[in-house]
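Take a look at the pair shown here, and keep the view open while you read.

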Amino acid sequence: MFSYLVALLLGISFGFALNKGGLTRYGNIVGVFRFTNLTVIKFMLTALVVGGVGVYLLNTWGVASFPNLPATYIVGNLLGGLVFGIGMALSGY
Amino acid sequence: MTGKNLIYILAVFCLFSVCAVWLTTGERVQAQCTTPSSCKTCHEVQGQKPVSSTTDWHRQHAVFDFCETCHGGDRLAEDAASAHLGMRLTLAEMSTTCKSCHPTELDTCLRTYAGILGIGEEDFDLILESASSTPLGGASLLEQIQSGTLVGPQITEQAETNVEDTASLDWSNPLNIILAVLLGGGVIGGIIYVAWNERRLRRQQKEGLAALSRLVAFVRRENWTPYAAGVLLGLTGILAVLVGKHLLTASGPVATIASSILHTVLPAQAGANMYFRFVVPPELNWSVVLFIGIFFGGMLGALSSGTLRLRWNDDPVWRKVFGRSTWKRILLGFVGALFLQYGASIAGGCTSGLAISGGMLLTPSAFLFMAGMFISGIITAWLIYRRRY
């Protein structure tokens, strides 16, 4: 039950960040593919860097271990990304 | 935002959550593989004893994440020793598990693999008869028939426990010291600068609660600078790993909810489908709860900036390019979402689950995915907007 509560709170924080970062707006998502609006890149890479530094530090200190890493299948990841990009540019979500 | 709209949105969402909870508390399937497993991570991706191309059997079955279904062991264990506890290595031990995936075509399957299983034609009827009365996950079928005389080709060598321990930081390496000095210097310098700047600002406007009110005003702004929002998401991702022991995802739960609906509406077809049966089994899991939280979080964000209201199509960029038609927006959104979910399912995650969560763990998959996403996104956007940039 506790883990579900954690999930709910983290989800709220996640959604809040997405909303404030402007990732819920069509113009921002499509703008990144048209090179007119780089909000998505700034947002994603900031999150990636902050999260990465934090997670690796926690791991080095032995506080937290990595959860299951997303598996790497070169063709699958790339192909999925290609299909995903089409959807992203079409729908703007 | 009007009160009426808020009530409307809340009502729709409550209905949706109730349906999701009701649907997902139904059937639970025996084998569950919701995340890429550690079996494949070590054996295939890292290439420690890869099996996916060794025999016909594995060639045909290793496409999905089914190692545990036949071999047992603990898929989610973090070290090699406990991951290999209780493993089934002989085919005689695991033959009943055929039925859990192939309930209707057991006969054909048995014939195909009779050679490997070491059984003759005369045993088929017995096996099939017994299989129809054996509950899933029951005692070994072939053991019942031939009382242990049957032994398939055994995997004799136990997988070695040679997964290396996480390397600790090596302080004798000068590069690490330089890096630490740089990092420490940056952090300390940043703190000093912030403290100095704050004092300067406070001197400028001597108000008691200025900092707090500025914070509130910042939170209430509709558009944060993406860097601030990114930091918040990064911290959320760290907390998810630290407290939740999960990664943030947004496409997985969609597939899980779809699987729940399928299992309720068309139980036979969904049960026969490998993807909906094993990869995204119907259940109320951590990610689904997270997904519900995302909905509320987005709403909270809009509420805090006073922009929460029901709207179909009022994005200025869209309107400028495609006009005011709402159905066009809905149609393109739907078609795009099909691509999104399909692509995410192939890749094993979406922008959040794979690109951000995987990226912060520096997995190659995340960067491959991002490359693909931007390549096709840029091309698609160029095709759509060519004359309307």
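**The interface**

The model is predicted. Start with where the chains meet. Chain B puts 101 residues in contact with 70 residues of chain A. Together, the two chains bury about 7,800 Å². Carbon and sulfur atoms make up 75% of that area. Three leucines stand out on the side of chain B: Leu340(B), Leu361(B) and Leu368(B). They supply 8% of the area that chain B buries against chain A, more than any other three residues.

How many salt bridges cross the interface of chain B and chain A? The rule finds zero. Polar contacts do occur, with a count of 21 residue pairs between chain B and chain A, both residues at pLDDT 80 or more.

Several helices of chain B give two or more residues to the side that touches chain A, among them α2 (38-45), α13 (210-220), α18 (286-304) and α21 (351-360). Which element gives the most? That is α14(B), with 17 residues. By type, the residues on this side of chain B divide into 61 nonpolar, 31 polar and nine charged.

**An enclosed helix**

Now turn to chain A and find helix α2, residues 26-33. Eight of its eight residues are buried, so the helix is largely enclosed by the rest of the structure. The run of buried residues includes Tyr26(A), Asn28(A), Val30(A) and Phe33(A). What covers the buried residues of α2(A)? Both chains take part. The cover includes α1 (2-21), α3 (39-60) and α4 (74-91) of chain A, along with α19, α20 and α22 of chain B.

Most residues other than glycine have a negative phi. Phe35(A) is not a glycine, yet its phi is positive, at about 60 degrees. This residue comes just after α2(A), in the loop between α2 and α3 of chain A. Lys245(B) is not a glycine either, and its phi is positive at about 55 degrees. Its place is the loop between α14 and α15 (252-265) of chain B.

Thr39(A) sits in helix α3 of chain A. It touches Gly21(A), Asn28(A) and Pro226(B), leaving out residues up to four places away in sequence.

| Residue | Relative accessible area | Class |
|---|---|---|
| Phe35(A) | 58% | exposed |
| Lys245(B) | 49% | partly exposed |
| Thr39(A) | 13% | buried |

The cut-offs explain the classes: buried means under 20%, exposed means over 50%, and partly exposed lies in between.

**The nonpolar cores**

In soluble globular proteins, nonpolar side chains tend to be buried together. The largest nonpolar core here has 47 residues. Those with the most contacts inside it include Phe33(A), Phe84(A), Leu233(B) and Tyr385(B). The largest share of this core, seven residues, comes from α22(B).

A second, separate core has eight residues, including Val55(A), Leu58(A), Ala64(A) and Val241(B).

Methods
Residues are numbered from 1 along each chain as its sequence is written. Chains are lettered from A and ligands numbered from 1 in the order in which they are written. Side-chain values use heavy atoms; hydrogens and water are left out. Contact means heavy atoms within 4.5 Å. Buried area is the accessible area (1.4 Å probe) that two parts lose on being put together, summed over both. A salt bridge is a side-chain nitrogen of Lys or Arg within 4 Å of a carboxyl oxygen of Asp or Glu. A polar contact is a pair of N or O atoms within 3.5 Å; within protein, one must be able to donate a hydrogen and the other to accept it, and residues adjacent in sequence count only if both atoms are side-chain atoms. Helices (H or I, at least four residues) and strands (E, at least two) are DSSP runs, numbered from the N terminus. Ala, Val, Leu, Ile, Met, Phe, Trp, Tyr, Cys and Pro count as nonpolar, Asp, Glu, Lys and Arg as charged, and the others, Gly among them, as polar. Buried means under 20% relative accessible area, exposed over 50%, partly exposed in between (1.4 Å probe, protein chains only). A nonpolar core is a set of buried Ala, Val, Leu, Ile, Met, Phe, Trp, Tyr and Cys residues joined through side-chain atoms within 4.5 Å.
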